[in-house]
Amino acid sequence: MRRAVGQFLSVFLSMGALELRVRETLAVMLSLAIIIAVVVAFGVTTVFLDPAGREKLFPAAIWICFILNAAVSLGRSFEYETEHRLLDGLLLAGVAPASIFISKALVNFVVLSVAHLTGVVALGMLLGVSIAAQSTDFIIISVLVVLAYSALATLVAALTTGSRLRNALLPIILLPLVLPLFFCGVELTTQLALGESFSLGGAWGQMLIGLAVLYVGLGALLFESVVRE
Amino acid sequence: MNQIEKTKTRLMGLEYAALAVVALLMAYALWWVFIGVPNERVMGPVQRIFYFHVGSAIACYCSVATVLAGSLAFLATRKRIFDVASEAAAEVGLVFATVVMLSGMIWARPIWNTWFHWEPRLLSFLCLWLVFLSLILLRRFGDQERTPAHCAVLGVVAAITVPIVVYSIQLLPQFAQLHPQVVGRRGLREDSFRWAFGITTFALICFQFFLVYVRARIGWVSIRVKMASNDAMV
């Protein structure tokens, strides 16, 4: 057990250090978060000039920004590892595939969280809407959605890495699978924004928790079949 | 006639028999849907789409179950036959999902006055349709060396969509949705409606499994032909 935790920590730290050194995904994501926020805010302010309309649309807008940004940016997720045969090296060194998966998913989770935060702040400023009053509940929803998304996106990114069309194939495969997460995020954030009673014990909350657990569990179980063929 | 020829002839006989049974079942179901049941009191003749719509949805779920079973079996054994079955079920599932979407739209237009309504059941089924499409696209454009394993992994993940579709009806209260819960709320009160629904669903499920079998057989033969031509080239 101690050995497995040690393995996981060293892989996670080295992948995190690699991401910080290369900065490809992070740079692309942060730029896209701001660009998509500007485009969405421009569209929203053109159509809905009244602040009430903007407030109603805000929850959907932040999750649209997040999903689009993440689906486009994570195309490069395994590119560096594949080019330099890092995964083969880790597998040959005896690292468990589940450890590699969880490490990579956590690195993606951190990067996606930073991008999501940037998108929310940018959109909030551009639309003049704030959910600071419900920030704790919003953070809980965001953590669950981003965690489930990171796990699924890491698995699907590994599936599409060897394809010629990987940058196009990743969003095509990923988006239909993450749409239920998107619905959960939008519904729960709308409940928050409209000041309705919020609870993760409701139908949407239960579905979100269930999906987060399923995607992380399935990813850890199936990752070996993706990389060891 | 040697043993292989005898087996082939017996297999072809079984296939023709299965085709005849499926055709008879479909004809019987069609008779019930168009002649056997009376017009529904409120919706009139358009309600007859219900039998194909719900039956195709259940047949579509059977395709997902086949994809899941084939994917798990492939991951456990690495036998190519399971991958072929999974591929066939994904293609047939896409066809049935398309039938469900189109028949739903044709039914919704006169009854709800709209082709599509943004609510959990319809959206989640649209997701299922897109998931089938992505399974086929991954097979066509994915990493060619690892296609069977990758498609098996995606097949397992894709199966999560079905419980979401089934559960989706509970995400909003019934008054906030247009999609009815006819079967769940025991809306089929007439015996003839229940019988027509049962026989149509059964016929469509049999038809679905027959199509999966035929498509899998074509896939298996094409793999054998490829292997034989590769051997000949060597």
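How many residues of chain A are in contact with residues of chain B, and how many of chain B? In this predicted model, local features need pLDDT of at least 70 and side-chain atom pairs count only at pLDDT 80 or more, while totals for chains, interfaces and linings use all residues. Residues are numbered from 1 along each chain as its sequence is written, and chains are lettered from A and ligands numbered from 1 in the order in which they are written. The contact joins 22 residues of chain A to 24 residues of chain B, where two residues are in contact if their C-beta atoms, placed from the backbone, lie within 7 Å.

**Side of chain A that touches chain B**

- Helix 7 (135-160), helix 8 (166-193) and helix 9 (203-227) of chain A each contribute at least two residues to the side that touches chain B, helices (H or I, at least four residues) and strands (E, at least two) being DSSP runs numbered from the N terminus.
- Helix 8 of chain A gives the most to this side, with 8 residues.
- By class, this side of chain A has 17 nonpolar, 4 polar and 1 charged residues; Ala, Val, Leu, Ile, Met, Phe, Trp, Tyr, Cys and Pro count as nonpolar, Asp, Glu, Lys and Arg as charged, and the others, Gly among them, as polar.

**Overall form of chain A**

- Chain A has 9 helices and 0 strands, and its C-alpha trace spans about 60 × 35 × 30 Å along its principal axes.
- The radius of gyration of chain A is 18 Å, which agrees with the value near 17 Å that a compact globule of 229 residues would have; this radius is taken over C-alpha atoms, and the globule rule is 2.2 Å times the number of residues to the power 0.38.
- Buried residues make up 47% of the 229 residues in chain A, a residue being buried if 20 or more other C-beta atoms, placed from the backbone, lie within 10 Å of its own.
- Among the contacts in chain A with a separation of 6 or more, 85% are between residues 24 or more positions apart.

**Helix packing in chain A**

- Helix 8 and helix 9 of chain A pack at an angle of about 140°, with their axes 9 Å apart; axes are lines fitted to C-alpha atoms, for helices over the stretch in contact, and angles run from 0 to 180 degrees between N-to-C directions.
- That angle makes helix 8 of chain A oblique to helix 9 of chain A, since angles under 35 degrees count as roughly parallel, over 145 as roughly antiparallel, 65 to 115 as roughly perpendicular and the rest as oblique.
- The crossing of helix 8 and helix 9 of chain A is left-handed, that is, the near helix is turned anticlockwise from the far one by less than a right angle.
- Residues in this contact include A:Pro180 and A:Glu187 of helix 8 and A:Trp204 and A:Leu211 of helix 9.

**Helix packing in chain B**

- Helix 1 (residues 3-36) and helix 7 (residues 191-233) of chain B pack at an angle of about 150°, with their axes 9 Å apart, and are therefore roughly antiparallel to each other.
- The contact of helix 1 with helix 7 of chain B divides into 17 nonpolar, 3 polar and no charged residues.
- Helix 2 (residues 49-77) and helix 5 (residues 147-158) of chain B pack at an angle of about 135°, with their axes 8 Å apart, which makes helix 2 of chain B oblique to helix 5 of chain B.

Technical notes: A residue is buried if 20 or more other C-beta atoms lie within 10 Å of its own, exposed if 12 or fewer, and partly exposed in between; C-beta atoms are placed from the backbone.
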